Each structure stands twice: as structure tokens, then as C-alpha cells.
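Have the viewer open as you read.

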Amino acid sequence: MSGKDSKSRDFDHLIEQNSTELTFLSAYGGLASDTADSAGIFSAVKRFLSAGGVEFSETADKLELEFGYVKIVDNGVKVHIKGKSLPLVASDLTQAGFVDGKLPVRKGSCTVTLQDWDIEQRRFIERLVEHISEI
């Protein structure tokens, strides 16, 4: 075995090790992306809301909820929720997979575009639905 092979393995091991230890960085937000699978995210949100018993009317690119809407946009899926004192803080809208988040001071509504469908997005929708259902 030559020294060159050993260094190559060390470098690969270092990259592998760091990629598994740096996942906490996603808490600081992701990069905006123009390649979001909007139709896939929209379909996932629709299934998630249906499974949670949320009623909505539907068109090809929009779900109308009693408390807002979910709509396919160019860079993802825009979610707009209206409610009383929503259980959110500004950093909830800047996590990885969220862009263009807006949360007014009184927290009577929020708007954000989802560019991913992962645990953070599911939990976000779940928290809002639970909050609206309790009112």
C-alpha cells in the first residue's frame, strides 16, 4: 500500500465524519433554491392535512382552508395561515427549507414558502393546525 492510498482514505474518512457531525447547521436555515419540487411538496401537504382531518377546497394549484391557503408558487409552496396569536417566532420561518417568511408583530397571520418537505415543515404545519383547532 502506498502513502498516497492512505492519505486518500484519510481524506474520505474526514469528509464522511464531518458530514455526519454537522447536521445541526440546518437549524440556521438553508439556502434559497429555485429547484424545489413544488408539485411534490403540494401533494405531501395535501395528504398531511387530509390525514389530520383538515377540511379544504381544492383547485389544481391551491388548497383553500378555513384559516388560510396553500398554493404552488415558482419557488415552492406558499403557506398563508390566519389565526389568533399564532404559536410562532420569527426563527420558525427561517429554518432549512423555508423562505420568504413573514410574521407580523401581533402574530395574527404568517406567510412562508416551503421548499422542502421534511420534519421541520411537517411539524410547522402540525403546530399551526393544532393551534387553530383549539380555538
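## Ground rules

This is a predicted model, with local features needing pLDDT of at least 70, side-chain atom pairs counting only at pLDDT 80 or more, and totals for chains, interfaces and linings using all residues. Numbering starts from 1 along each chain as its sequence is written, and side-chain values use heavy atoms, leaving out hydrogens and water.

## Helix α3

Helix α3 spans residues 119–134, 16 residues in total, and its end-to-end C-alpha reach of 22 Å is close to the expected 22 Å (1.5 Å times one less than its number of residues). Helices here are DSSP runs of H or I with at least four residues, and strands are E runs of at least two, numbered from the N terminus.

Its buried residues (under 20% relative accessible area; exposed is over 50%, partly exposed in between, 1.4 Å probe, protein chains only) are Gln121, Phe124, Ile125, Leu128, Val129, His131 and Ile132. They cover an arc of only 165° around the axis, so they sit on the same side of α3 (the arc uses directions from the helix axis to the C-beta atoms). On the other side, Ile119, Ser133 and Glu134 are exposed.

## Ring pairs

There are two aromatic pairs (Phe, Tyr or Trp rings, using the six-membered ring of Trp, with centres within 6.5 Å; planes under 30 degrees apart are stacked, over 60 edge-to-face, the rest tilted).
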